[in-house]
Amino acid sequence: MKRARIAWAGAIHDAVESDGHLELLTPAFRGRRLSLDEVVWLPPLAPTPPHRPRTILALGLNYADHAKELAFKAPEEPLVFVKGEATLTGHRALTVRPAGVAYMHYECELAVVIGKTAKKVQKADAYDFIAGYTVANDYAIRDYLENWYRPNLRVKNRDTCTPIGPWLVDAADIPDPMNLALQTTVNGKVTQSGHTRDMIFDVPFLIEYFSSFMTLQPGDLILTGTPDGVVDCQPGDVVVTEIEGIGALENTLARSPE
Amino acid sequence: MNPSPPPFLPDGTVYGTLLNFRHELALWAARAAEPPYKAPPQAPVLFIKTANTFSPHGAAIMLPTSVPEVEIGASIGLVIGFSEGFESFPSADRSQPAMNNEAAATLPGVVGCVLLNDLSIPHDSYYRPPVKFKCLDGFLGIGPRCVPLAQAGNVNTLKLEVHVNGALCQTVDFHTLVRDAATLLADVNAFMTLQPGDVLMLGSDCLPDGTRPRARVGDRIEISAPGFEPLVNTLVGETA
């Protein structure tokens with residue numbers, strides 16, 4: 001099942017994909033079908049309970065080729081940073097490129113959504129703790145990179161800069177998340193292509209690693225890093241980050257208001 | 001009868017700030033020019049304390065057996081509220097008058113502040129994000145109340161005291177901030193808009209020698225400041 005969270009007709013709705021349409025789950029409209037073009041797409045994630053802001057972990061340099069591209073040796077343990085929920089935005093959203101920056105690039109990433117409380121999970125059991133998968137575009141603005149808690153939040157935690165979606169695909173529908181092709185196009189031209197089998201730290205490893213010291217809760221996210229092929233993007237560019245079997249996440253860069 | 005409300009817990013993301021006290025920044029000046037840093041920080045250096053770290057006031061905080069001691073980062077967090085005209089932050093103390101003093105006017109969007117105990121596994125490098133040092137379960141003690149700004153007064157003149165097992169081991173003077181509360185808030189909001197429920201820590205200071213106070217299993221850590229109910233947490237060992 002592919003699940004979505006959308007705004008339509010003055011309210012927010014949960015929906016599922018059905019024959020190329022969105023089928024609403026909202027009781028008042030249950031079963032009603034909408035076209036993919038007549039809704040506003042939100043991150044495909046249920047809100048978290050009070051006092052439990054969503055934990056969003058993101059990996060740096062988790063593909064050997066990307067690590068090489070950025071002139072690093074492959075890390076010996078996961079290079080992880082944390083993002084706040086406010087940086088998330090949905091499918092077909094606008095992402096703001098600040099005025100005067102020289103290098104802003106997308107990052108196509110497999111996003112893992114945790115399905116149940118995960119504490120000290122073993123690799124062999126890790127898949128039992130996954131609700132599903134979606135696509136994230138973890139934009140970075142390299143002009144702002146500083147070597148303090150790098151990558152720093154000014155690079156990685158900006159308003160509008162983490163599109164995610166369109167679908168949350170149930171884990172049961174993705175038998176092997178480590179065998180998926182990734183691709184990014186900019187204005188229709190392929191600029192990035194890779195494969196999840198090339199991750200340095202695979203999904204089961206990451207769940208074991210994180211849950212060894214931090215308890216993950218349903219709805220928490222792990223953005224698993226990006227392969228090589230990142231390029232600068234300009235206002236007006238349409239960036240589509242796509243993962244085989246999971247979805248194609250479209251985003252358009254916008255000029256900053258200044 | 002008016003039962004006391006449950007201890008405050010954040011609803012949003014808790015952001016921490018590194019190197020926001022002049023003394024520690026000065027101690028880092030020489031190293032900051034060297035690799036891997038290569039230059040002193042320009043923008044605020046931030047990190048996130050994830051939800052699994054939240055320990056309410058009074059809670060026991062469990063240290064893994066692999067962690068013999070932790071650093072205490074005594075801090076104040078600015079709690080972001082809802083816009084005027086909307087319901088104020090639900091956990092804030094509404095018996096106090098609305099924000100109407102000078103301090104509040106300089107901190108737009110902030111509804112109050114809270115004592116925080118930002119625990120870390122000691123680490124020498126500030127190069128990589130500190131997730132494995134700072135985001136262990138329970139590693140953020142959270143003060144019992146979100147104190148309205150009108151009551152807390154000027155946060156830039158607060159003094160915190162850190163007691164471990166009753167002995168004073170640090171006084172933190174917020175008069176020595178690199179970025180005062182208003183400046184930090186503005187510099188952070190310049191690239192990421194803090195949301196209602198979010199908390200922005202002003203940072204924690206080091207001791208004169210550059211270290212932070214440390215604590216071990218069995219220790220009782222108390223962080224206090226005038227106008228605030230103290231924040232108390234006790235460190236306990238990992239149960240088998």
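**Figure 1. The buried residues of helix α5 of chain B.** In this predicted model, helix α5 of chain B runs over residues 181-189, and its buried residues are B:A181, B:L184, B:L185 and B:V188. These four residues cover an arc of only 100 degrees around the axis, which puts them on the same side of α5(B). An α-helix has 3.6 residues a turn, so residues three or four places apart point the same way. The elements that cover the buried residues of α5(B) include the strands β1 (14-18), β2 (45-49), β6 (74-80), β7 (110-118) and β12 (199-201) of chain B.

**Figure 2. The largest nonpolar core and one of its residues, B:V114.** This core has 136 residues, and those with the most contacts inside it are A:A111, A:V113, B:L78 and B:V114. Because domain 1 (1-42) and domain 2 (48-255) of chain A both give residues to the core, it lies between them. When residues up to four places away in sequence are left out, B:V114 touches B:F8, B:G77, B:V79, B:I142, B:G143, B:C146, B:V147 and B:V199.

**Figure 3. The contact between the two domains of chain A.** Chain A is divided into domain 1, which holds residues 1-42, and domain 2, which holds residues 48-255, and the centres of these domains, taken over C-alpha atoms, are 25 Å apart. Where the domains meet, the contact takes 7 residues from domain 1 of chain A and 10 residues from domain 2 of chain A. On the side of domain 1 that touches domain 2, the elements giving two or more residues are β1 (2-8) and β5 (40-42) of chain A, and β1(A) gives the most, with 3 residues. Sorted by class, this side of domain 1 has 4 nonpolar, no polar and 3 charged residues.

**Figure 4. The contact between chain A and chain B.** Here 28 residues of chain A meet 34 residues of chain B. On the side of chain A that touches chain B, β7 (79-83) and α2 (153-156) of chain A each supply at least two residues, and β7(A) gives the most, with 4 residues. The residues on this side of chain A divide into 13 nonpolar, 8 polar and 7 charged.

**Figure 5. The surroundings of A:Y139.** A:Y139 lies in the loop between β12 (130-137) and β13 (140-141) of chain A. A residue is counted as buried if 20 or more other C-beta atoms lie within 10 Å of its own, and A:Y139, with 25 C-beta neighbours inside 10 Å, therefore counts as buried. Not counting residues up to four places away in sequence, A:Y139 touches A:T95, A:M104, A:Y106, A:E107, A:C161 and A:T162. A:V112 is 27 residues from A:Y139 in sequence, and the two are 17 Å apart in space, C-alpha to C-alpha.

**Figure 6. Chain A as the setting for the close-up views.** Chain A has 3 helices and 19 strands. The radius of gyration of chain A is 18 Å, close to the 18 Å that the globule rule gives for 258 residues, so chain A is as compact as a globular protein of that length. Along its principal axes, the C-alpha trace of chain A spans about 55 × 45 × 35 Å. Buried residues make up 50% of the 258 residues in chain A, and among contacts in this chain between residues at least 6 apart in sequence, 72% join residues at least 24 apart.

Note on methods
Residues are numbered from 1 along each chain as its sequence is written. Chains are lettered from A and ligands numbered from 1 in the order in which they are written. This is a predicted model: local features need pLDDT of at least 70, side-chain atom pairs count only at pLDDT 80 or more; totals for chains, interfaces and linings use all residues. Domain bounds come from an automatic or database domain assignment. Ala, Val, Leu, Ile, Met, Phe, Trp, Tyr, Cys and Pro count as nonpolar, Asp, Glu, Lys and Arg as charged, and the others, Gly among them, as polar. A residue is buried if 20 or more other C-beta atoms lie within 10 Å of its own, exposed if 12 or fewer, and partly exposed in between; C-beta atoms are placed from the backbone. The radius of gyration is taken over C-alpha atoms; the globule rule is 2.2 Å times the number of residues to the power 0.38. The arc is that of the directions from the helix axis to the C-beta atoms. A nonpolar core is a set of buried Ala, Val, Leu, Ile, Met, Phe, Trp, Tyr and Cys residues joined through C-beta atoms within 7 Å.
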